[in-house]
Amino acid sequence: RLTATAKEGESLLEVVVNQNLSIDGFGACEGTLACSTCHLIFEEDVFQKLDAITDEELDMLDLAYGLTDTSRLGCQVCVKKAMDGLTVQVPAEVADMRRELEVGNSKIKG
């Protein structure tokens, strides 16, 4: 369990980066909607209050491991005052092509 302080308007990805939270591989594309490494799982009541999800975010979520009905990308969810005390779950695994490429290259070399 990690605890962070956030500023209103920051994305949850920015919170992780700005607070130097140790979440391996989180936000690999730096919020450009090119990966799903900032995949977060919200509680149902909180999820219902989040801003609308875009088609681009849905496309990236389709690539996420452990996808749930309350999954969102942290780079697309901005902090609001009503989120004080928010708890979100980070999936145990992420889909990160960099790791697959590194493994693939290792196999070729090895």
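What follows is a tour from the overall fold to salt bridges, cysteines and pockets.

First, some ground rules. This is a predicted model, so local features are described at pLDDT of at least 70 and side-chain atom pairs count only at pLDDT 80 or more, while totals for chains, interfaces and linings use all residues. Residues are numbered from 1 along each chain as its sequence is written, and side-chain values use heavy atoms, with hydrogens and water left out.

Let's start with the fold. The protein has four helices and two strands, and along the sequence they come in the order α-β-α-α-β-α. Helices (H or I, at least four residues) and strands (E, at least two) are DSSP runs, numbered from the N terminus. Of the 110 residues, 34% count as buried. Here buried means under 20% relative accessible area, exposed means over 50%, and partly exposed is in between, using a 1.4 Å probe and protein chains only.

Now for the charged pairs. How many salt bridges are there? The count comes to two, where a salt bridge is a side-chain nitrogen of Lys or Arg within 4 Å of a carboxyl oxygen of Asp or Glu. One of them joins E57 and R72, whose closest N and O atoms are 2.8 Å apart. This pair links distant parts of the chain: E57 belongs to helix α3 and R72 to strand β2, 15 residues apart. E57 is buried, at 1% relative accessibility, and R72 is buried too, at 3%. The two side chains also make a polar contact of 2.8 Å. A polar contact is a pair of N or O atoms within 3.5 Å; within protein, one must be able to donate a hydrogen and the other to accept it, and residues adjacent in sequence count only if both atoms are side-chain atoms.

In the other pair, D51 and K80 meet through their side chains, with 2.8 Å from N to O. D51 sits in the loop between α2 (44-47) and α3 (55-61) and K80 in the loop between β2 (71-73) and α4 (97-109), so the pair ties together parts that are 29 residues apart in sequence. D51 is partly exposed, with a relative accessible area of 48%, and K80 is partly exposed at 33%.

A34, in the loop between α1 and β1 (39-41), is exposed, with a relative accessible area of 54%. A34 and E57 are 23 residues apart in sequence, and their C-alpha atoms are 9.3 Å apart. E44 lies in helix α2 and is partly exposed at 45% relative accessible area. From E44 to T70 is 26 residues in sequence and 6.2 Å in space, C-alpha to C-alpha. The side chain of E44 also makes a polar contact of 2.4 Å with that of Q48.

What about the cysteines? The structure holds zero disulfides, a disulfide being a pair of cysteine sulfur atoms within 2.5 Å. In general terms, a disulfide is a covalent bond between the sulfur atoms of two cysteines. The sulfur of C29 has its closest cysteine sulfur in C35, 3.5 Å away, which is too far for a bond. C29 is buried, with a relative accessible area of 17%. C78 is in no disulfide either, as the nearest cysteine sulfur, that of C75, is 9.4 Å away. C78 is partly exposed, at 35% relative accessible area.

Finally, the pockets. On a 1 Å grid over the protein atoms alone, a pocket is an open set of points where a 1.4 Å probe fits, with protein on both sides within 12 Å along at least five of seven lines; lining residues have an atom within 4 Å of a point. Grid points are joined across faces, edges and corners, and a volume is the space filled by probe spheres set on the points.

The largest pocket holds about 730 Å³ of space. Its lining has 25 residues, with L2, A4, L86, T87 and V88 nearest the centre. Helix α1 (residues 12-18) gives the largest share of that lining, three residues. By class, the lining has 15 nonpolar, four polar and six charged residues. Ala, Val, Leu, Ile, Met, Phe, Trp, Tyr, Cys and Pro count as nonpolar, Asp, Glu, Lys and Arg as charged, and the others, Gly among them, as polar.

The second largest pocket has a volume of about 200 Å³. Among the residues that line this pocket are D51, K80 and C78, and its lining divides into seven nonpolar, one polar and four charged residues.
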